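Visitor: Hi! Could you walk me through this one while I have it open?
Guide: Happy to, let's take a look together.

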Amino acid sequence: MSPEPDFSDNGGFALRPVLLPVSVFVIGLVAAVAVASLLINITRQKEEARHVYVRLNEVTEVSTDPVPWGGNWPHQFDSYRRTVDDSTQHGGSSALPESKLESDPWLRRLYAGYAFAIDYREARGHAYMLHDQEVTERVTQRQQSGACLHCHASVIPTYRRVGRELAGLPTTQADLENGFQWQHVMAGFEKLSLMTYEEAHAELFKTPDGTPGVHKPLFGDAVYDESVPGDHDVTGQFESHHVGDAHPVSCIDCHAPDTMQLRVTRPGFVKGIAALAESEDPVPHLPSIERWRKGSRSRPYDPNVDATRQEMRTFSCAQCHVEYYCASKETLFFPWHKGLKVEQIEAVYNDHRFPDGSDFYDYTHGETGAKVYKAQHPEFELWSQGVHARSGVSCADCHMPYERQGATKVSSHWVRSPMETMDRSCQTCHNVPEAELRDKVATIQDRTRKMIDRSAVAMTDMLDAIRAAKATDLSEEDIARLDELQRKAMWRLDFISSENSMGFHADQEAVRILGESIDYSRQAQALANEFRAPPPPVNNTPIEEVQGITPDKSTAQK
């Protein structure tokens with residue numbers, strides 16, 4: 001009987017040649033599928049990155065309503081809508097709307113005789129910029145200028161329409177959509193600057209916004225405030241004031257509707273930055289201006305032509321976050337003809353005359369009668385003196401940091417304090433723990449706050465002394481000396497306290513300016529006391545000569 005075959009040995013030996021190639025084939029197939037999937041994913045993401053939007057809605061030079069833009073650029077639009085949210089107290093666009101007059105009563109004395117002594121609240125997000133201006137008691141109780149809308153409303157198509165009307169040209173929607181038309185925008189800007197606020201505001205509603213028949217406000221109930229007088233319609237129902245075709249600053253104000261490229265649209269900024277370029281003030285943080293100065297200068301500096309993209313990420317904000325004259329005696333202007341420092345702006349105001357030939361000033365101080373200047377919110381000017389500007393960091397780098405949306409990197413349009421986005425705003429450059437960065441910011445802002453408080457004390461002491469001195473019989477020359485010192489002291493204090501970074505944009509510059517404010521206040525106080533008090537007796541006590549600290553060698557040997 002023959003032995004039974006050893007199937008195990010024979011079988012294993014026989015199957016191995018078959019299983020091995022099968023296994024290799026399967027593994028190879030899986031690997032190929034994985035690599036193919038990876039390549040497809042990479043290709044898809046690259047394709048998404050190249051085509052960052054699909055143009056679903058037509059937007060033009062009248063599309064001040066941001067909703068159609070949102071259909072084309074949903075990521076940016078979603079973050080823009082978040083500007084309605086307030087959650088921090090770091091200042092700037094996301095601070096709570098508390099009354100500054102309650103937290104800092106000295107402001108009532110600083111602004112005595114001016115509308116800011118009536119109502120002065122912390123700024124809120126971009127969503128509120130038009131509504132808050134419409135309901136502030138500065139506007140409802142005092143006559144304000146139409147120039148205020150230069151930065152609080154999406155106003156450029158209205159400028160264009162009014163400019164065309166002045167030129168006797170048709171103003172159909174098609175006419176207004178036909179390019180930017182700078183000459184007509186400038187003409188309308190000058191016209192509205194000299195209107196009353198109510199007259200200029202009414203012009204907004206005469207201009208198409210790109211969504212005819214749609215009157216629902218984008219930000220809806222979020223802009224209502226029952227505690228604010230007048231924040232309701234005649235029916236008693238709380239309703240946004242900027243319904244219809246009037247909108248706060250939106251997409252069209254910083255982006256070209258046909259290309260989505262960054263641009264500046266505000267006439268005040270375009271004229272102001274051109275004046276700065278013509279000045280001799282060094283601006284190493286604005287390299288395109290330095291290049292323009294070295295060129296032929298055959299035309300004015302034009303930020304939309306000459307500026308780099310990185311500069312435009314600052315210029316788009318600097319259209320409004322700046323110092324400017326904004327009242328009805330002449331057209332709004334940015335005082336950058338001598339430079340961006342506080343004393344250079346002051347020198348422009350000192351030399352400036354209103355069109356009727358009278359001296360320039362913002363308001364007559366209610367306690368002393370001095371003609372003084374009112375600082376607005378000079379963020380761009382103070383940033384220009386700081387280390388971030390010298391390092392090439394733009395406003396958008398910190399306040400609109402990049403964020404990843406799928407395969408696309410987009411700039412957040414929820415403009416707010418960088419303290420809310422430190423990982424993307426700060427730690428992309430500063431490789432240190434977040435807690436350390438927060439401590440540095442807190443230290444700078446606390447020091448600035450303390451210096452503001454000391455400046456305010458000096459300012460109020462100055463006002464008391466000047467009022468007492470002016471109760472006496474002062475000459476016009478004496479009054480002029482006091483007025484000048486008061487104007488210098490208050491201008492510097494206001495410049496820093498109105499700026500929204502609490503000194504962070506340029507901490508050493510902020511302290512320098514506040515130090516000068518204290519000095520001028522104390523000079524004015526001392527001069528006022530000198531005017532009021534009798535001259536002191538002569539001190540005949542002899543002044544002892546220096547005896548020396550270390551004896552000379554001859555003295556030491558004895």
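Visitor: Let me start with Glu346: buried or exposed?
Guide: Glu346 is buried, because its relative accessibility is 4%. Keep in mind that this is a predicted model.

Visitor: Which side chain does Glu346 meet in a salt bridge?
Guide: One partner is Lys488, with N and O 3.9 Å apart. Glu346 sits in helix 17 (residues 342-351) and Lys488 in helix 23 (residues 476-498), so this pair ties together parts that lie 142 residues apart in sequence.

Visitor: And Lys488, does that count as buried or exposed?
Guide: Lys488 counts as buried, at 16% relative accessibility. The cut-off for buried is under 20%.

Visitor: OK, what about Arg449, which residue is its salt-bridge partner?
Guide: Arg449 pairs with Asp453, and their closest N and O atoms are 2.6 Å apart. Both residues belong to helix 22 (residues 434-470), four residues apart, which is about one turn of the helix.

Visitor: Why would residues four places apart point the same way?
Guide: An α-helix has 3.6 residues a turn, so residues three or four places apart point the same way.

Visitor: How many salt bridges does the count come to?
Guide: The count comes to 35 salt bridges. Another of them links Arg299 and Asp306, with the closest N and O atoms 2.7 Å apart. Arg299 is partly exposed, with a relative accessible area of 37%, whereas Asp306 counts as buried at 18%.

Visitor: Switching topic: which residues of helix 14 are buried?
Guide: In helix 14 (residues 287-294), the buried ones are Ser288, Ile289, Trp292 and Arg293. Viewed down the axis of helix 14, they fall within an arc of 140°, so they line one face of the helix.

Visitor: What do they pack against?
Guide: The buried residues of helix 14 pack against helix 13 (267-278), helix 15 (303-306) and helix 16 (309-318).

Visitor: Last one: which residues make the nonpolar surface patch of about 550 Å²?
Guide: Val22, Phe25, Val26, Leu29, Val30 and Val33 make that patch. Val26, for instance, is located in helix 1 (residues 7-50) and is partly exposed, with a relative accessible area of 43%.

How values were computed
Residues numbered from 1 in each chain as written. Predicted model: local features only at pLDDT ≥ 70, side-chain atom pairs only at ≥ 80, totals over all residues. Heavy atoms only, no water. Patch = residues over 30% accessible without salt bridge, like charges linked within 9 Å, V, L, I, M, F, W, Y side chains within 5 Å. Areas by Shrake-Rupley, 256 points an atom, 1.4 Å probe, with all protein chains shown as cover. Salt bridge = Lys/Arg side-chain N within 4 Å of Asp/Glu carboxyl O. Helix = DSSP H or I, 4+ residues; strand = E, 2+ residues; numbered from the N terminus. Buried < 20%, exposed > 50% of the residue type's maximum accessible area, 1.4 Å probe, protein only. Arc of directions from axis to C-beta. Contact = heavy atoms within 4.5 Å.
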